[in-house]
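Which charged side chains pair up in this fold, and where do they sit? The report below covers the salt bridges and one of the helices involved.

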Amino acid sequence: MLAKKHRLNLSLQQNANIFIRGNSLFLSSKYFLAYLRPNQSDFKISCLTSKASLSKSTLRNKFRRFLYSLVEKEFQNCNFSPNMAYDLVIILKRNFPLDKELLEKDFIILVKQIQKNIKFKS
């Protein structure tokens, strides 16, 4: 699981305003939404699944943990660096397949979009 120091706490007002239009860059893939914005500290991330997509909390938590494991895998592949000063929120869209291989392939596409925008802004 991703280290706690890299988790973005969305209950804080300064972190929750990432969803306000104009405060962040919005990226999208087939099954994911992402909000990206620069910050003053290190790389922080939050992964969300909506109640509309999965009604049972156990399934939501399972897929949220799966998203964190994908992010951790990208950390190990050096696609994300703890030194990057960005906040990132990844949301699983409402209609998605339960096939984790398809989700993983689409997540890699999203990561490439994120890297392109991080390199462009840096």
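Glu 104 and Lys 73 join their side chains in a salt bridge, with N and O 2.8 Å apart. The model is predicted. Glu 104 belongs to helix α3 (residues 100-121) and Lys 73 to helix α2 (residues 57-76), so this pair ties together parts that are 31 residues apart in sequence. Glu 104 is partly exposed, at a relative accessible area of 25%. Lys 73 is also partly exposed, at 36%.

The search of the whole structure finds two salt bridges. The other links Asp 87 to Arg 37, with 3.1 Å between the closest N and O atoms. Here strand β4 (residues 86-92) supplies Asp 87 and strand β2 (residues 32-38) supplies Arg 37, so parts that are 50 residues apart in sequence are tied together. Are these two residues buried or exposed? Asp 87 and Arg 37 are both buried.

| Salt bridge | N to O distance |
|---|---|
| Glu 104 and Lys 73 | 2.8 Å |
| Asp 87 and Arg 37 | 3.1 Å |

Side chains of opposite charge can pair when their charged atoms come close.

Now back to α2, the helix that holds Lys 73. Helix α2 has 20 residues. From first C-alpha to last, α2 reaches 28 Å, close to the 28 Å expected at 1.5 Å a residue. Several α2 residues are buried, among them the aromatics Phe 63, Phe 66, Tyr 68 and Phe 75. The buried residues of α2 also include Arg 60 and Glu 74. Just after α2, Cys 78 adopts a positive phi of about 65°.

Methods
Residues are numbered from 1 along each chain as its sequence is written. This is a predicted model: local features need pLDDT of at least 70, side-chain atom pairs count only at pLDDT 80 or more; totals for chains, interfaces and linings use all residues. Side-chain values use heavy atoms; hydrogens and water are left out. A salt bridge is a side-chain nitrogen of Lys or Arg within 4 Å of a carboxyl oxygen of Asp or Glu. Helices (H or I, at least four residues) and strands (E, at least two) are DSSP runs, numbered from the N terminus. Buried means under 20% relative accessible area, exposed over 50%, partly exposed in between (1.4 Å probe, protein chains only). The expected span of a helix is 1.5 Å times one less than its number of residues.
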